[in-house]
Amino acid sequence: EAKKFAINRKERTFKRPVDLNGNFQKVSEYYGENVFHYLTAPGIPESIKNELLTVSNSGNKLKKEHADIVAKAVTEWATAKGATHFCHWFQPLTGSTAEKHDAFLDLDGELPIEKLSAGQLMQGEPDASSFPNGGARSTFEARGYTSWDLTSPMFLMDGVNGKTLCIPTAFVSYHGDALDMKTPLLRSVTRLNDVATKFMNLIGFTDTKKVSVTCGAEQEYFLVDKAFYFSRPDLVMTGRTLLGSLSHKNQQLDDHYFGRIPERVLSCMEEIDYELHRLGIPAKTRHNEVAPGQFEIAQIFREANVSADNNQLVMAVIKEVAEKHNFIALLHEKPFAGINGSGKHINWSMATDDGMNLLEPGNKPEKNIKFLAVTSIVIEAVYRRAKLLRMAISSQGNDHRLGANEAPPSIISVFTGSNLEKIFEAIKNGETVSEEGKVVLDLGANQLANLMMDNTDRNRTSPFAFTGNKFEFRAVGSSQSISFPLSILNAAVTEVFEESIEFLEKEIKASSVEAALMKLTKKWLQSSWNIIFNGDGYSQEWVEEAKKRGLPNLRTTADALGALLDDEQTKYMVEKGIFRKNELQMRYNVLVENYNTLREIEFQTQMDIVKKNVLPATLEYKKRLGKVIKVQKEIGLESSVEVEMYKKLNFTVESLYANLMNLTSACSALNGDAAKNSLEIANNIFPLSEKLAQSCNEVEDLIPNELWPLPTYYEMLFLR
Ligand code: ADP
Ligand code: MG
């Protein structure tokens, strides 16, 4: 019986809309048509816009009568565009998004009217009890509140017969505990703004009124044909293949990366871009990634909170549009063993309200010194809070990218590039400051201008890299919300900014601002020097070297999550109210539970596949071989080949079965608390599952294609 995974090549002919002359509409003609921002929307008086802007910048409470005006305007706008419902759109601790729809319907007596009230715009009360809360709420206070985030625009989501207006909101408990990803992010950008603005004012940029965090996320994903996907229970249940023998040609040739985009994929990407542009998300770059079947999309950077919301939508749109093209988009960090996994690069910097990028090297000496100081602040922050940063990107999926056999180590280090390292080394060793505290080394516009060049041969092995005028946090997982790592990074940088201000306030009394900044830079570089690493982050030597330097190497999620409960690591964030202490405990509980559950689902699914698919296939093949051997014997033919094949198969199946039994009993023996179980899973059970996968692959290599009951790596990665 030949297996059939008929792929559906039926092309979806996606066509961008055309204008009256039959030309494709320009992006600028439909960009943002599905978003409503109070600043650009019709129906809102200028004076109210300014008030809203002030509220949005200050975090003060919004007046009801102002919300009322927005509610009326957005109702008119949305219903005219075919919206029937509105919802508060939020990001619970799972890292995904949640929404509960309400109709734009109210009754005036018996008369139906379209309405969204100010109250409904500003606050919602979803039944929160079934969202993960890490034990924060007992049932008597199971209420959670969503509240409108003015800083992120509302948008329309397509439905089958109408649209839904999504209102970005934060999600907090009755006691104000953050039950979501957005709240801490908003708190962190507010704190960072406070200290960074103060810092800028102090060093002479007296016009600076605001410093925002800028962020642009690059998103990697795989596309596989729908037919293959639905024939792989492991992909459906866990998002990754739990077994699968690597095809002989995979990514060794590097011929996929930046290669010509296959037509079927290009059409899908065009529609993804189109939908994102309508949502006012500035999708910019699209290309093939390193692995076969892997692709990337990047958007133009913007304010961090908006970027975080955007990235959630990017993931949602990729998935939805892919399905229309008969693909399934895999956002898992490691859908296929042995080839590249997927990450999300968070490009991160800070910008003033008048558009100055604090990480721009620039070409004026005084700006250079500001750049050097700010960069050293970020490096010190990463050095000090490396454990928290590692924690913030941990997940069972990302464990396959960090610290696993074929992945870079889970050691946080900072890549500066060799030019910047040279400059920093001079500063660290005091070679730039003369006796009188004057800066003597020519930090040279030239040297700094070269930074961009230096970064063109980008070190792709670094988890946290300086790339010309921004840092790029590359170890982030492809499926996770970027809000959490952003919050942690912002908090870490805020802490060092604050200390820097104290330091400078004293120093500036005694010397020039420039000399004080130089001294500050020197101080941070001296303390954080060990985190700078410009070599090959994937090499074994680095693991050893990092150990010598005393850098943490938290290999698995189970190891990394502990940082959330480490007072030394978290006390600053708690003091500043970026996270409340119980919120950290909540997150710990949710993340540990999540890790355990997802791994257990993987183990169960894998054992199921072995029993229901792999072992039966071996029986079929044995039957075939047995028949041949029998016939040959009957006719007196001396051939040992089939007997050898049979023996080899039998031997492999026996070891497969032994591995299956080992995993089965290890799983049923799990009986500790969540934290203990996570360590047991990471250190002892997961390796058994990997072993089982290994024997499955050995079996797969022995079985004829037509008897193998699952789509192969070859089919999934190369056929489209
Ligand atoms: P590369 O391809 O070299 O990684 P790009 O110039 O394509 O770099 O930028 C990658 C991402 O970095 C994009 O999302 C871009 O918008 C973003 N980016 C550029 N400048 C900044 C900045 N100052 N702050 C945050 N993100 C930025
Ligand atoms: Mg990049």
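So, which helix is Glu495 found in? That one is helix α14, which covers residues 483-510. Before I go on, keep in mind that this is a predicted model.

Okay, let's stay with Glu495 for a moment. Buried or exposed, what is Glu495? Glu495 has a relative accessibility of 8%, so it counts as buried, given that the cut-off for buried is under 20%. And what does its side chain touch? There's a polar contact, at 3.3 Å, between the side chain of Glu495 and the side chain of Arg384.

Now the metal. Ligand 2 is a magnesium ion, and its protein donors are Glu218 and Glu472, each through OE. The distances run from 2.3 to 2.8 Å. Here's the bit I like: Glu218 sits in strand β10, residues 211-225, while Glu472 belongs to strand β18, residues 471-477. That means the pair ties together parts of the chain that are 254 residues apart in sequence. As for accessibility, Glu218 and Glu472 are both buried.

Next up, helix packing. Our pair is α19, residues 581-634, and α21, residues 674-702. Their axes come within 10 Å and cross at roughly 25°. Angles under 35 degrees count as roughly parallel, so that's what we call α19 and α21. What hand does the crossing of α19 and α21 have? It's left-handed.

Glu680 has 32% relative accessibility, so it counts as partly exposed.

You'll find Met661 in helix α20, residues 641-668. With a relative accessible area of 36%, Met661 is partly exposed too. If you take the C-alpha atoms of Met661 and Ile369, the separation is 63 Å, and along the chain these two residues are 292 apart.

So, to recap: a magnesium ion with Glu218 and Glu472 as its protein donors, a left-handed crossing of α19 and α21, and a buried Glu495 in polar contact with Arg384. That's me done, over to you.

Methods:
Residues numbered from 1 in each chain as written. Chains lettered and ligands numbered in written order. Predicted model: local features only at pLDDT ≥ 70, side-chain atom pairs only at ≥ 80, totals over all residues. Heavy atoms only, no water. Donors = N, O, S within 2.8 Å, 3.2 Å for Na, K, Ca; no water. Helix = DSSP H or I, 4+ residues; strand = E, 2+ residues; numbered from the N terminus. Buried < 20%, exposed > 50% of the residue type's maximum accessible area, 1.4 Å probe, protein only. Axes fitted to C-alpha atoms, helices over the stretch in contact; angles between N-to-C directions. Parallel < 35°, antiparallel > 145°, perpendicular 65-115°, else oblique. Left-handed = near helix turned anticlockwise from the far one by under 90°. Polar contact = N/O pair within 3.5 Å; in protein donor to acceptor, adjacent residues only side chain to side chain.
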